[in-house]
Amino acid sequence: QLAASLYEKAIKEAPADDDAKIGLLQVQLLQRVQQLEPDAVREEAARLPESISLALDVADLDVAGGNPEDAFARLLAVFSGLKEEDRETIRERLIAYFTIVGHAAPEVKKARSQLASLMF
């Protein structure tokens, strides 16, 4: 929590500080992942593929575990069948992942393009 507060303060003082933004997103990801039991979450997500919260949890585990492509694929696969509110939740999480992974990464460019085509 302290790290998140420090990053938030840095962003308030320098809104263009991309390193602080990335740091905050990484801390938030780690905070979410620390509360998860990976095997149980993955099993439950397999059993309930329509669950948005479980899809987000597994995507968090994938990004934190170094498998962002799996996270992107999972969230993009559920995106188009969702109501607008849930689509926005998925979109925001994908944007956060894109920032964490790096906008120049090939997997980010591919996923960003797929997201754009799903949105429009």
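## A buried threonine

At 19% relative accessibility, T99 counts as buried (buried means under 20% relative accessible area, exposed over 50%, partly exposed in between, with a 1.4 Å probe and protein chains only). The model is predicted, so local features need pLDDT of at least 70 and side-chain atom pairs count only at pLDDT 80 or more, while totals for chains, interfaces and linings use all residues. Residues are numbered from 1 along each chain as its sequence is written, and side-chain values use heavy atoms, with hydrogens and water left out.

T99 lies in helix α6 (helices are DSSP runs of H or I with at least four residues, numbered from the N terminus). Apart from neighbours within four places in sequence, T99 is in contact with I22 and L25 (contact means heavy atoms within 4.5 Å).

## Helix α2

The 17 residues of α2 should span 24 Å at 1.5 Å a residue, and its end C-alpha atoms are 24 Å apart, which agrees (the expected span is 1.5 Å times one less than the number of residues). At the start of α2, a side-chain oxygen of D17 comes to within 3.1 Å of the backbone nitrogen of D19.

The buried residues of α2 are A20, G23, L24, V27, L29 and V33. Their cover includes α1 (2–13), α4 and α6.

## The largest nonpolar core

This core has 28 residues, of which F72, L75, I90, L94, Y97 and F98 touch the most other members (a nonpolar core is a set of buried Ala, Val, Leu, Ile, Met, Phe, Trp, Tyr and Cys residues joined through side-chain atoms within 4.5 Å). The largest share, 8 residues, comes from α4.

Beyond residues up to four places away in sequence, Y97 touches several others, including L29, L56, F72 and L75.

Conventions. Helices (H or I, at least four residues) and strands (E, at least two) are DSSP runs, numbered from the N terminus. A polar contact is a pair of N or O atoms within 3.5 Å; within protein, one must be able to donate a hydrogen and the other to accept it, and residues adjacent in sequence count only if both atoms are side-chain atoms.
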